[in-house]
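Trainee: I would like to learn how to read a model such as this one, step by step. Could we go through it together?

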Amino acid sequence: MRRTAPAFALIAAAVLALAACGSSSTPAATTGAGASSAPSITGTITVFAASSLKEAFTAIGQQFEAAHPGVKVVFNFAASSDLATQITQGAPADVFASASGKNMTQVTTAGYAAASTPFVKNTMEIAAPPANPFKVTGVADLAKTGIKLALCQPQVPCGSTAAAVFTNAKLTVHPVTLEADVKSVLAKVELGEADAGVVYVTDVRAAGSKVVGIPIADGVNASTTYPIAALTKSTNSAAAQAFVAYVLSAGGSTVLTADGFAKP
Amino acid sequence: MLAPALVGVAFLVLPLVGLLLRTPWSSMARILVAADVTQALRLSLWTASVATVVSVLLGVPLAWLLARSQFPGIALLRALVTLPLVLPPVVGGVALLLAFGRKGFVGQYLDQWFGITLPFSTAAVIIAETFVAMPFLIVTVEGALRSADQGYDEAAATLGASRMTVFRRVTLPLIAPSLVAGGVLCWARALGEFGATIAFAGNFPGRTQTMPLAVYLALESDPDAAIALSVVLLVVSVIVLVGLRDRWLRASPFR
């Protein structure tokens, strides 16, 4: 036992040292061939993206990696408000794709991004379990008594956009839970614990047959525009810029449109 | 030998220093009297206390069973009931949802027969907290029962005391210090419960939003509030630790 104690301490010290090194190593700086129209890029980039982008960005990431051998794209999907806080607290990220302008502004005003570009728009839809136990047919049903309604919490884009829908429809709702991000709302609906949830159109499509989507009338629906930016503190800005360019290109927008996103 | 030990100390203490350095002391009072904060604090104290009472009522007899009986499979039983000690709490929450949720294999009958649905209710918070915290009490009390001198129990029994009387008048007073220590540990664990709660009970202010959930969710919108709430939980933890230490020192008759 005497000998194991320093060994443990050494391991702990090693873990600390590793942690201090951070994850996004491999600086870009590929010199020489970079002068031509397609600069060769290498290394790893970390993309912080809104939960609702999970399916589309995973596909785009694979295409981007195929187009740029030697580049690895790592994703962190979470609520945009959560990601914005992480970035301004110094989390190692190269690209930020937010589900709302507000959370992007948080990042740009703190000096972590110079400018952002809107790339898609998303609208809201009601998701219900396949059997639709509460027989939800429209937004008005969400205000009925006895319904177990799941929403995102108000500081998350899906929560504030859903709140805009209820304001437009002049409805007061009584949700049973305010989840941390849109995928958590969807999970509560998929498990049948919630009778309905207000999520993005794209989430309903991504969930396939696990939920049924009930459209919200155009007159009351609300939307949010997604901006994307390469971050100034990126240690691999060449690859970060290239990824943003790819998302904005025809290839990227084909994937996004196929997943149900609208043009901004 | 000394250097790695100091690294260890720094590793454990620095985050707490960081918390205290960033604490918005001047606005602390304003943050803590905000309605949603007092609501979360009250809910946390209430649910942790109820979870502790439930844990005592169910956990002490269970600890007694584990310590004093011999039957095949008791080792397996002990492993099963103390599993939540090592299980990631969020896994516990998912498991609770699949058992006691509206579509769970137990929960669907609660809904059909009694019209009771547990998720998203304060009861769900208490269940989640009890699930993760009760094993702390069981382990502590079982240990005490094992080390307590059974001669007193036997003497009382030979003098004609019933099993219940022996337990109430002899065994329980003997293990009282450990019961208190286990209860405090259990309460502290319940107070800090996060993963199982957010998975099983969801998040709604005043109903299921306990302090740890409020801290986590406030970090996104109002970091100062998250820090202030964290300091409150830190203070509670220190009080528990100090109280427990004192109790333990007095508890042992061998020192």
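Mentor: Let us start with what a helix is here: a DSSP run of H or I that covers at least four residues, with helices numbered from the N terminus. Please keep in mind throughout that this is a predicted model. As a case in this structure, helix α3 of chain B spans residues 35-68, and Asp36(B) is found in that helix.

Trainee: Is Asp36(B) buried, exposed or partly exposed, and why?

Mentor: The general idea is to count neighbours: a residue is buried if 20 or more other C-beta atoms lie within 10 Å of its own, exposed if 12 or fewer, and partly exposed in between. Asp36(B) has 13 other C-beta atoms within 10 Å, and therefore counts as partly exposed. Along the chain, Asp36(B) and Pro205(B) are 169 residues apart, yet their C-alpha atoms are separated by 6.8 Å.

Trainee: How many helices and strands does chain B have?

Mentor: Chain B has 12 helices and zero strands, so that its elements, read from the N terminus on, run α-α-α-α-α-α-α-α-α-α-α-α. Taken along the principal axes, the C-alpha atoms of this chain fill a box of roughly 65 × 60 × 35 Å. Of its 255 residues, 35% count as buried, and among the contacts in chain B with a separation of 6 or more, 77% are accounted for by residues 24 or more positions apart.

Trainee: Which elements of chain A give two or more residues to the side that touches chain B?

Mentor: In general, the size of an interface is often given as the accessible area lost when the parts come together. Here we can count residues instead: 22 residues of chain A are in contact with 20 residues of chain B. The elements of chain A that give two or more residues to this side are α1 (4-21), α3 (80-88) and β6 (177-179), and the largest share, six residues, comes from α1(A). By class, this side of chain A has 12 nonpolar, six polar and four charged residues.

Trainee: Into which domains is chain A divided?

Mentor: Chain A is divided into domain 1, with residues 41-121 + 226-258, and domain 2, with residues 122-224. Their centres, taken over C-alpha atoms, are separated by 26 Å, and 14 residues of domain 1 are in contact with 15 residues of domain 2. On the domain 1 side, α3 and β4 (117-128) of chain A are the elements that give two or more residues, and the residues of that side divide into six nonpolar, six polar and two charged.

How values were computed
Residues numbered from 1 in each chain as written. Chains lettered and ligands numbered in written order. Predicted model: local features only at pLDDT ≥ 70, side-chain atom pairs only at ≥ 80, totals over all residues. Contact = placed C-beta atoms within 7 Å. Nonpolar A, V, L, I, M, F, W, Y, C, P; charged D, E, K, R; others polar. Domains from an automatic or database assignment.
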